[in-house]
Amino acid sequence: MLTMVNPVPAAEVASYEAEVDVLVVGYGCAGAAAAYEAASAGAEVLVLERASGPGGSSAQSGGELYLGGGTRVQRACGFTDDADNMFAYLRAALGPHADEQKLRLYCDGSVEHFEWFAARGVRFEESLYDAPSWMPPTKDGLMWLGENAWPYDTLARPVPRGHRPATESWAGHTVMDALTASATEAGVRTVTDTRAVSLVVEDGRVVGVTARRYGTDLAYRARRGVVLTTGGFVDNEEMLADHAPELLGHGKVSDGLDDGSGIRMAAAMGAATRRMGFVEAAYTALPAMVCRGMLVNGLGRRFINEDVYPGLFSHAALHQPGPCWVILDEQGLDDVPARDLWGVRPTHGAETLAELEVDLGLPAGSLQETVSTYNRHAEGGEDVLFHKNPRWLRPLEGPFAAVDPRYGFGGSAQPVGTGFSGFTLGGLHTGLDGEVLSVAGEPIAGLYAAGRAASGIHGDGYISGTSLGDGTFFGRRAGRTVARG
């Protein structure tokens with residue numbers, strides 16, 4: 001069960017450190033977007049951030065933004081897209097149980113949202129990185145995120161939509177620097193090193209928060225409303241055990257402060273939560289290797305087409321009997337461009353599959369049968385079992401190599417964990433404008449949420465760029481709405 005932090009009646013608050021129109025709690029991408037829009041609408045805005053500066057998990061992310069519908073970058077790269085086509089792909093890739101109402105709004109507003117980022121100073125190169133990767137080692141502004149892999153290429157016209165700022169490798173800080181600079185220019189004030197503790201309530205309406213800074217109790221009042229953008233709960237072991245136990249024991253994709261604090265504060269007010277068991281997991285297998293070989297589970301069996309978006313093969317691997325292995329032959333390994341190797345080398349090698357089975361602890365004959373079936377179909381030019389794209393399909397020939405993703409990226413000499421790192425997708429149940437809904441389905445007056453503190457567009461699926469995209473899109477809507485009071 002959730003650990004609650006009971007709301008505080010306003011009558012019990014002796015004084016306020018500050019009183020503003022809009023109070024935003026948490027300064028990641030959703031908080032920055034909400035704060036900017038509220039301030040741009042004329043509201044006096046204050047952001048409380050528990051860390052010593054803005055950024056949060058957003059700043060540590062890859063920085064991809066899932067945008068489409070016909071952006072300038074897509075058109076410059078020769079692709080034609082529209083909101084319906086984008087919706088068809090995301091409905092399948094983010095499902096089952098994606099929030100279609102929010103998703104429809106997101107797709108319909110995607111081109112405008114791209115231009116909003118551009119206006120904030122986020123720059124995109126008008127070029128495509130046309131290879132599987134977790135993170136392109138270039139400044140290319142567009143990348144594929146599984147749109148051209150089965151079954152999605154049968155459900156929607158394949159168009160790349162991963163928009164990346166003009167920064168090599170990790171670019172989350174680039175996005176956050178632009179958003180915080182815009183918020184500051186719009187008049188947003190920030191208080192750091194201050195942790196919100198509970199909501200302040202007056203006549204059933206949220207009117208502020210209590211907080212702690214260096215051991216001192218404080219309170220902040222909001223005349224029009226509070227926006228919770230405090231992140232998910234992957235760093236809270238109690239909440240994981242209650243709601244998303246499949247992430248227990250694995251690595252965390254967070255800044256270390258995604259402890260569900262905003263979710264717990266709102267739940268103590270009677271707020272509803274939604275889809276708390278939905279998670280994303282990343283497996284440290286290199287897409288450039290996986291697509292040139294195969295991914296097998298602890299029984300030596302394939303379980304997915306290896307050219308899918310890597311988050312999808314990761315999520316599938318999380319539910320397999322493990323450990324899972326990347327199997328390659330010599331040509332496949334040689335074909336991986338040096339820039340896509342990320343320091344990863346095979347952990348096992350053998351002249352024959354029988355020898356490799358022994359080394360990996362796989363059932364006798366399992367890998368031999370898997371590769372034999374794969375090769376027979378590859379010779380015919382079609383992966384009839386999992387529909388891997390013919391671009392990556394060819395028979396594998398010895399000698400063979402295996403890569404253990406538990407060794408991580410960078411060529412570690414020892415295993416660095418389970419190979420999986422993840423984060424949560426569920427959160428507070430919100431309306432289309434970020435209003436937090438009660439367990440009775442009614443808006444809680446004065447309370448809004450966005451980002452990973454809320455349940456957004458996702459169902460039981462995830463695509464890179466949809467966290468930053470969803471968080472900022474609905475953060476903007478929440479900011480505009482709360483500014484109106």
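Figure 1. Strand β5 and strand β6 (residues 142-143) run parallel and are joined by two bridges; two strands pair if DSSP finds at least two bridges between them. Helices (H or I, at least four residues) and strands (E, at least two) are DSSP runs, numbered from the N terminus. Opposite Tyr129 stands Met143 in β6. The open sheet has four strands in the order β4-β7-β6-β5, with mixed pairing. Its edge strands, each pairing on one side only, are β4 (65-66) and β5 (128-129). This is a predicted model, in which local features need pLDDT of at least 70 and side-chain atom pairs count only at pLDDT 80 or more, whereas totals for chains, interfaces and linings use all residues. Residues are numbered from 1 along each chain as its sequence is written, and side-chain values use heavy atoms, with hydrogens and water left out.

**Figure 2. Packing of helix α6 against helix α16.** Two packed helices are described by the angle between their axes and the distance between the axes. For helix α6 (residues 110-119) and helix α16 (residues 466-483), the angle is about 90 degrees and the axes are 11 Å apart. The α6 helix is therefore roughly perpendicular to α16. Axes are lines fitted to C-alpha atoms, for helices over the stretch in contact, and angles run from 0 to 180 degrees between N-to-C directions. Angles under 35 degrees count as roughly parallel, over 145 as roughly antiparallel, 65 to 115 as roughly perpendicular and the rest as oblique. Glu112, His113, Trp116 and Phe117 of α6 make the contact with Gly469, Thr472, Phe473 and Arg476 of α16, where contact means heavy atoms within 4.5 Å. By class, three nonpolar, three polar and two charged residues take part in the contact of α6 with α16. Ala, Val, Leu, Ile, Met, Phe, Trp, Tyr, Cys and Pro count as nonpolar, Asp, Glu, Lys and Arg as charged, and the others, Gly among them, as polar.

Figure 3. Glu37 belongs to helix α1 (residues 29-40). Its relative accessible area is 9%, so Glu37 is buried; buried means under 20% relative accessible area, exposed over 50%, and partly exposed in between (1.4 Å probe, protein chains only). Not counting residues up to four places away in sequence, Glu37 touches Trp116, Arg476, Gly479 and Arg480. Between Glu37 and Gly485 there are 13 Å in space, C-alpha to C-alpha, and the two are 448 residues apart in sequence.

Figure 4. Arg221, in strand β11 (residues 216-228), counts as buried because its relative accessibility is 18%. Its side chain makes a polar contact with the side chain of Glu202 at 2.9 Å. A polar contact is a pair of N or O atoms within 3.5 Å; within protein, one must be able to donate a hydrogen and the other to accept it, and residues adjacent in sequence count only if both atoms are side-chain atoms. Leaving aside neighbours within four places in sequence, the residues in contact with Arg221 include Ala10, Tyr16, Glu19 and Val207.

**Figure 5. Surroundings of Glu306 in a loop.** The loop between β15 (294-296) and α12 (310-318) contains Glu306. With a relative accessibility of 1%, Glu306 counts as buried. The backbone nitrogen of Leu295 is reached by the side chain of Glu306 at 3.2 Å. Apart from neighbours within four places in sequence, Glu306 is in contact with residues including Val290, Cys291, Phe313 and Lys388.

Figure 6. Strand β16 (residues 325-329) pairs with β18 in the antiparallel sense over four bridges; Leu328 has Ala401 in β18 as its bridge partner. Strand β17 (residues 348-350) and β18 also run antiparallel, joined by three bridges, and Ala402 in β18 stands opposite His348.

Figure 7. Gly95 and Pro96 are joined by a cis peptide bond, with omega about 0 degrees. Pro96 is placed in the loop between α4 (83-93) and α5 (100-108), and His97 also has its place between α4 and α5. His97 is a residue other than glycine with a positive phi, near 75 degrees. The relative accessible area of His97 is 55%, so this residue is exposed.
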